[in-house]
Amino acid sequence: MILYQVNVNVKSDYKEEWRTWMCEHHIPEVMKTDCFLNVRMLESMEQSTDGEFVIQYVCKDYATLLYYRQEFSPGLQAQHNAKFADIATSFRKEFSIVLDI
């Protein structure tokens, strides 16, 4: 199993708008690709001026993740950047799940 993690910092004035758009539009569109088994979105509890979020997508194998990144990710990221380019910054990491109880 592979965990695809997206870490995002969002300017505080746009945190609610960004969170709503992600939950109602972007994440459902990602899940419609059928590349991921599940997703979770986390928000930092630390006091910060900006919003700090982590979105974790789980897929069955690395080949599926590569397929997602080639076929779907560019378009979905372009939609996000068109709306939030100056508001949100992100970076991505990939992990192999060693233990999941």
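**Before you start**

The model is predicted; local features need pLDDT of at least 70, side-chain atom pairs count only at pLDDT 80 or more, and totals for chains, interfaces and linings use all residues. Residues are numbered from 1 along each chain as its sequence is written, and side-chain values use heavy atoms, with hydrogens and water left out.

**Helix α2**

Select residues 62-71, helix α2. Helices (H or I, at least four residues) and strands (E, at least two) are DSSP runs, numbered from the N terminus. Colour T64, L65 and Y68, which are buried. Buried means under 20% relative accessible area, exposed over 50%, and partly exposed in between (1.4 Å probe, protein chains only). Now look down the axis of α2: its buried residues fall within an arc of 100 degrees, so they line one face of the helix. That arc is taken from the directions from the helix axis to the C-beta atoms. On the face turned away from the buried side, find the exposed residues A63 and Q70.

Next, show what the buried residues of α2 pack against: β1 (2-10), α1 (15-31), β3 (51-59), α3 (73-84) and β4 (88-96). Contact here means heavy atoms within 4.5 Å.

**N7**

Move to strand β1 and pick N7. N7 counts as buried because its relative accessibility is 17%. Its side chain makes a polar contact with the side chain of Q5, at 3.0 Å. A polar contact is a pair of N or O atoms within 3.5 Å; within protein, one must be able to donate a hydrogen and the other to accept it, and residues adjacent in sequence count only if both atoms are side-chain atoms. Leaving out residues up to four places away in sequence, N7 touches F53, V54, T89, S90 and F91.

**F95**

Select F95 in strand β4. F95 is partly exposed, at 35% relative accessible area. With residues up to four places away in sequence not counted, F95 touches M1, I2, L3 and Q5. Draw a distance to F53: the two C-alpha atoms are separated by 17 Å, and the residues are 42 apart along the chain.

**The largest pocket**

Finish at the largest pocket, with a volume of about 220 Å³. Of its 19 lining residues, select the closest to the centre: V6, H26, Q77, H80 and R92. A pocket is an open set of points on a 1 Å grid over the protein atoms alone, where a 1.4 Å probe fits, with protein on both sides within 12 Å along at least five of seven lines; lining residues have an atom within 4 Å of a point. The volume is the space filled by probe spheres set on the points. Helix α3 gives the largest share of the lining, five residues.
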